[in-house]
Amino acid sequence: AGEFRNYQAQSGQAVLTPEVRADFMSNDASAPLMGSDNENTGPDGMPDISPAEKEKAKKGGMALIGGMTLVSALVGFGIAWAIFAVRVPPCALALASERASRVLEHPLLTIYAPHACPSPPQFSGEGAKAAYTKRINAVAETDLHFAYLAAYVYTRLVGFVNMFPMIYKQQCMRMKSGNLRANQLVYKLMRESGTEPGVVVLATDGELGQYNRANRSLHHMVETMGPIAVGMYLCATVFPQLAFTCMCVFAVGRVLHQVGYSSPKGYGAHGQGFMLATLANEVQAGSLLLVGLKGCGVF
């Protein structure tokens, strides 16, 4: 922008017409591209990617999402299972307990938090597994395990909607495109001629448009996810099955919203997902209102 203002001052051109833009770009031909290796670009300045390369990148993006989701889920569950079930050798358990005791005896902890942890924490082992099992059974007795399942569904949902735009990003930008890949949204001028400069809006055509709409759906979820995330546990303490069902419907709705919005049809194809996610949010909110009114003795 600063370079173009300098060009305007030197040339006396005040309006960005196609001719002025072409003259400015020709004078600025030596400027480095945003990609890491000055890769070839098309007329719009984006990397020049062939249809065959785009198709390959699309399949690669889908494989990347599936692979990362599966691997991260397995690694997370594996570590959790190891903490729950694997018996630590007695020597390692004793060493860990000794170190924990030293931490608890630190003067600062004794002064500022004398009752924070009166005894060393229980590390993984037979005793720990029994304690974990007892706590899990207590959760299951009140059906609150549905709240944990709902939270897990929410975790997988957030991971998916954050990864999904990669399918289209791979078709617009190469892995070697450098800082260009930092662009979460891509813009364009509505028009480049006339007495007034055109309005800058999101690109809507082709893979760029799909990438932008996929990220728009992600942002929309960020805007609307607060109520269902905050209310999930509160709802689950009274209606655990309902909380789990609402989270599942919300997750399906958000996925349909993103997949539909980023489809070639674009706007309008996200409507079904929007309705499902909104319904799930409102049903859970209704349960919270019911509990509050009942607690106040309204009925």
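**Figure 1. Glu53 and its salt-bridge partner Arg174 in the predicted model.** Glu53 counts as partly exposed, at 31% relative accessibility. The closest N and O atoms of Arg174 and Glu53 are 2.8 Å apart.

**Figure 2. The salt bridge between Lys54 and Glu207.** In this pair, the closest N and O atoms are separated by 3.1 Å. Lys54 is located in helix H3 and Glu207 in helix H9 (residues 206–224), so that distant parts of the chain, 153 residues apart, are linked. Lys54 is partly exposed, with a relative accessible area of 22%.

**Figure 3. The salt bridge between Lys188 and Asp205.** A distance of 3.6 Å separates the closest N and O atoms of Lys188 and Asp205. Lys188 is part of strand S1, and Asp205 occupies the loop between strand S2 (200–202) and H9; the pair therefore ties together parts that are 17 residues apart in sequence. Lys188 has a relative accessible area of 33% and is partly exposed. Asp205, by contrast, is exposed, its relative accessible area being 54%.

Definitions and conventions
Residues numbered from 1 in each chain as written. Predicted model: local features only at pLDDT ≥ 70, side-chain atom pairs only at ≥ 80, totals over all residues. Heavy atoms only, no water. Salt bridge = Lys/Arg side-chain N within 4 Å of Asp/Glu carboxyl O. Buried < 20%, exposed > 50% of the residue type's maximum accessible area, 1.4 Å probe, protein only. Helix = DSSP H or I, 4+ residues; strand = E, 2+ residues; numbered from the N terminus.
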